[in-house]
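This report describes how the parts of a protein model meet one another. Please consult the sequence and the structure shown below while reading.

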Amino acid sequence: MGSNAAQGITVTGVSRSFGSVHAVRDATLAVPPGSVTALIGPNGAGKTTLLLMLASLLAPDTGTITIAGHDPVTDPQAVRAAMGWMPDVLGSWPSLSVRASLEVTGRMYRMSRPAAAARANELIGLTGMEALADRPSRVLSRGQKQRLSLARALVHSPSVLLLDEPASGLDPAARVALRELVRRLAGEGTAILVSSHVLAELDEMADAAVYLADGVTASAERVALAGASARSWRIRALDPASLEGGLRASGVSGTRTDHLGTLVQVDNEAAAADLLARLVGAGVQVSAFGPAVGDLEHTFIDLSRPEANGGAAA
Amino acid sequence: MSNTVDTNARPAVTPDRTPARDFVAGLWLIVTLELRQRVRGVAWYILLGIFVVLVAAVTVLLWLSTTAWETGGGAVFSAVIFFVLLLGTLVSPALSGNAINGDRDIGTLATTQVTLISTGQLVLGKFVAAWITALAFLAAAVPFLLFAVTLGQVSPGTIAVSVLVLAAEHGVIAAVGVGLSGVVTRPLFSIVVTYLIVAALSVGTPIAFVLLGTATKSEQTLTPPAGCHDPATTVDVPRFDRYWWVLAANPYVVVADASPGVFDTSGNPQDLFGWIAVGVRQAQVAPDLQAEVPYCNSTGQYYGDGKQPTARELYDNAVPSWFVGLGIHLALGAGALLWAWRRTITPARRLPTGRRVA
């Protein structure tokens, strides 16, 4: 399989409705091989519907999808051989052990019995489930099922990976492990699309983000606009009183103080760097200076505001 | 541990692979998965145990009562076969009626559908697994059938045919159950509808047959024999001959009619199955609407030759009704599976209201 532009995921003008409910209206996105793209949107924005269409389970009403160079509607087998899907619903065969579940999944991808067993063993190590390998999956906790679900999506070493809320239910250590795994898979050339609500998590994982609101993906211009809008920065100083004075001296108004520090509205990064230099120059002992919310969260919140949608999403 | 793309993990292409082999391998994987998932449980073995105890009790009681009547193995055999069919129709819908929608509920249907397992393999695999489960009940009853044989009067041909037809009937119920589980969204409803179909076939067909036959009447003119001065009379006769196929669709009738008829020298059936077969096939005979009465009332003279067709002659001259009945059942089962396949195929275009893909 070559590495032409058609690899990875491309979605063009896709829509899907269920009766009178338009779950996805107009989705356009591209995930090149070797990159991680975050799919972000409020509840009910159509993220899961979009992922189901990418996973070859749901046919779009309009628009085209290619996964690893194949159309899931006309050639679902080719798509399935190349695509791994981790659903948001945690389904596992209750009476099968973790190991047996992975072996059965491998054999569903037409692996030989020994190859499936070897791969299952490998994935148990990869997802840190050695201690759980021979337990029936019905006794697993939510986070453990989540790891099994991830392992199952990786059984056939897919070149395209779709992760629907992969981090929900995971403990902090497992989240870090997930992030490292996702980055490594991307480094090995996998095209990865991750949907999640944990935006801070995605900030560290994703190369790019796609915003989906009311079934429509936000255009690149709108995302750029939202990302560039004024945002809050949080500043902490050893002496809060001197910080307050420094800010006043810099002509910054509209500050707000919470238990973590002082929140300041700053137009852009250059203005933030400028402000920091001035504060330090004024002798304020700054101990922390950074954006109050992550890049994705900032853009997300900005795009979710009704006025950002041109009043269309009242 | 590395997750580099290793050649083992890719679908390995070996020379002996063909699409047909791949299809069967995937199908069998689903069958074994289904059996491991659905069947291998304590509850199932308890159910099987209760079934064996019941069949044993029925066999022994029948044996005791029939030796009292000095008949023999034929009655015991027929009754045990019917009893196995009854219990099979009571158990099978519960085991097969949630095969597909139950998986959707626990979230394992979609994760199977994103693999290289096709919808055909999935539906057929679940059907085969449900059938095998039902056949386990039949297998558990075989010792009792053999015991009935040792009592005499039952030919090996009868045994073989009865067991085969019974197995086919269990397959039909499994197919209907699995099929409906793919059509109806909620597992409870699909199980109930499967039971209703079984009830319609077992109980509904005789009722429908009688009602339809008696509701549609024809006028029969009875003319007196030549030389007799009785007036011609007309009577209404029921037309069961138009609806015999309704009765033929009864699973009990299918099993009974399929066993080779064994008759004594005067042309009477030897066992219960034979009597049922004769009765059902008799229904195929259309009434003669211009019949001549062999008896003259005014003279008291009898003109007939006293010859009535024997049970054997009726049996031999009729269409084998089991063939028609089994044909209807197979069409029903195949149709249910086909419908389920159409409804489960992915990527899904149209979804029934209230159904999720995953």
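How many residue pairs are in polar contact between chain A and chain B, counting those with both residues at pLDDT 80 or more? The count is 10 residue pairs, a polar contact being a pair of N or O atoms within 3.5 Å; within protein, one atom must be able to donate a hydrogen and the other to accept it, and residues adjacent in sequence count only if both atoms are side-chain atoms.

## Basis of the model

This is a predicted model, in which local features need pLDDT of at least 70, side-chain atom pairs count only at pLDDT 80 or more, and totals for chains, interfaces and linings use all residues. Residues are numbered from 1 along each chain as its sequence is written, chains are lettered from A and ligands numbered from 1 in the order in which they are written, and side-chain values use heavy atoms, with hydrogens and water left out.

## The interface of chain A and chain B

Chain A contributes 45 residues to the contact and chain B contributes 38, where contact means heavy atoms within 4.5 Å. The area buried between the two chains is about 4000 Å², with carbon and sulfur atoms giving 60%; buried area is the accessible area (1.4 Å probe) that two parts lose on being put together, summed over both. On the side of chain A, the most area is lost by L57(A), M108(A) and R110(A), together 19% of what that side buries.

The rule finds 1 salt bridge across this interface, the term requiring a side-chain nitrogen of Lys or Arg within 4 Å of a carboxyl oxygen of Asp or Glu. R110(A) pairs in a salt bridge with D22(B), and their closest N and O atoms are 3.8 Å apart.

## The two domains of chain B

Chain B comprises domain 1 (24–199 + 329–344) and domain 2 (212–317), with bounds from an automatic or database domain assignment. Their centres, taken over C-alpha atoms, are 36 Å apart. In the contact, domain 1 of chain B supplies 16 residues and domain 2 of chain B supplies 15.

About 1300 Å² is buried between these domains of chain B, 77% of it from carbon and sulfur atoms. S78(B), F82(B) and H329(B) supply 36% of the area that domain 1 of chain B buries against domain 2 of chain B, more than any other three residues. Across this domain interface the rule finds 0 salt bridges, and 1 residue pair is in polar contact, both residues being at pLDDT 80 or more.
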